[in-house]
Amino acid sequence: MIAIIKYNGGNVNSVQNALNRLNVSSVFTDNFDLIRKADKVIFPGVGEASSTMKILKEKSLDRLIPTLKQPVLGICLGMQLMCKNNEEGNTVGMGIFDISVKKFPSENIVPHMGWNTISELQSPIFSGIEEENDVYFVHSFYCELSKNTTSVCDYILPFSASLQKDNFYAMQFHPEKSGRVGSRLLENFLKL
C-alpha cells in the first residue's frame, strides 16, 4: 500500500493519477497508523512553506515523517520541508536533510518553470535513466548542493534537483508531470 500524506496541500491528484497509470493503488491519508503501515510514503507539495509547515505541525505530521522507516519520497515543496530551514516565510523545516532552502536571485525569470535538464545522477532511484534528461520544475526556492545531492540542475545557479539520505528520497521536480522519465522514477521508487 502506498500512502500519500494528506495535509491540505500538495499535488495529490496528479500523483494519484501517475500511480494509477502504473497500476498502483494509493491512499490519501493523515492517519498515523496507515502511514506507518504503508510500504512506501509519498509527501507531495505545492504551496507556500510557512503556511504548509503550520498545517503539518497542527496535525503532528512534522514529528511523524522523520521517524518513518520505509522509503519516503518528498516532491517539490515536500522536499523543501524535509530540509532544515527555508527562506520562504523564514520557515524551520523537519531537518531530515541538513540543507538550507534559498530564494533564487531575481536576475532571471522566477519561478523556474518548465522542462530542464538534470545530471550527475547518483541514486538507485535513477536506475535505467540516462544522464542529461529533462524533467518538469515549478519553484522559486531551491535546495543547496550538499553531500545528499543525488542529481543537479542548473537554473541561474546549480542546485539540488534531488536528495537522498537513508530511506528518504526527494525531488525538486515533479516526477508525476515528467513524462516517461518521471514514470520510470516512480517505478524505481516503488521497487525500493
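1. The largest cavity comes out at about 30 Å³ in volume. A cavity here is a set of points on a 1 Å grid over the protein atoms alone where a 1.4 Å probe fits but cannot get out. Grid points are joined across faces, edges and corners, and the volume is the space filled by probe spheres set on the points. With a threshold of 30 Å³ or more, the count is one cavity. As background, rolling a probe the size of a water molecule over the atoms shows where empty space is left.

2. Some housekeeping before going on. This is a predicted model, with local features needing pLDDT of at least 70 and side-chain atom pairs counted only at pLDDT 80 or more, while totals for chains, interfaces and linings use all residues. Residues are numbered from 1 along each chain as its sequence is written, and side-chain values use heavy atoms, with hydrogens and water left out.

3. Who lines the cavity? The lining of the largest cavity (residues with an atom within 4 Å of a point) consists of L73, S123, I125, T150, S162, L163, Y169, A170 and M171. Strand 12 (157–165) and strand 13 (168–171) are the elements that give two or more residues to this lining. Strand 13 contributes the most, with three residues. Helices (H or I, at least four residues) and strands (E, at least two) are DSSP runs, numbered from the N terminus. By type, the cavity lining splits into six nonpolar, three polar and no charged residues.

4. S123 is worth a click, as one of the cavity-lining residues. S123 sits in the loop between strand 8 (112–119) and strand 9 (133–139). Its relative accessible area is 11%, so S123 counts as buried (buried means under 20% relative accessible area, exposed over 50%, partly exposed in between; 1.4 Å probe, protein chains only). The side chains of S123 and Q164 are joined by a polar contact of 2.9 Å. A polar contact is a pair of N or O atoms within 3.5 Å; within protein, one must be able to donate a hydrogen and the other to accept it, and residues adjacent in sequence count only if both atoms are side-chain atoms. Leaving out neighbours within four places in sequence, S123 is in contact (heavy atoms within 4.5 Å) with T150, Q164 and Y169.

5. Now the open space. The largest pocket has a volume of about 170 Å³, a pocket being an open set with protein on both sides within 12 Å along at least five of seven lines. Its lining has 13 residues, and V46, G47, C76, V138 and H139 lie nearest the centre. Helix 5 and strand 9 each supply at least two of the lining residues. The pocket lining divides into five nonpolar, six polar and two charged residues.

6. Is Q80 buried or exposed? Q80 belongs to helix 5 (residues 77–81) and, at 3% relative accessibility, counts as buried. Not counting residues up to four places away in sequence, Q80 touches N86, V101, H139, F141, Y142, C143 and Q172. By contrast, look at M113 in strand 8: M113 is exposed, with a relative accessible area of 54%. M113 touches Y136, F137 and V138, again not counting residues up to four places away in sequence.

7. Backbone checks. Most residues other than glycine have a negative phi, and most peptide bonds are trans. V110 and P111 are joined by a cis peptide bond, with omega about 15°; P111 lies in the loop between strand 7 (97–103) and strand 8. S60 has a positive phi, near 60°, in the loop between helix 3 (49–58) and helix 4 (61–64). D166 also has a positive phi, near 55°. D166 is in the loop between strand 12 and strand 13 and is exposed, at 60% relative accessible area.

8. Finally, the whole chain. Its secondary structure comes to six helices and 13 strands. The radius of gyration is 15 Å, close to the 16 Å that the globule rule gives for 192 residues, so the chain is as compact as a globular protein of that length. That radius is taken over C-alpha atoms, and the globule rule is 2.2 Å times the number of residues to the power 0.38. Of the 192 residues, 54% count as buried.

Technical notes
Ala, Val, Leu, Ile, Met, Phe, Trp, Tyr, Cys and Pro count as nonpolar, Asp, Glu, Lys and Arg as charged, and the others, Gly among them, as polar.
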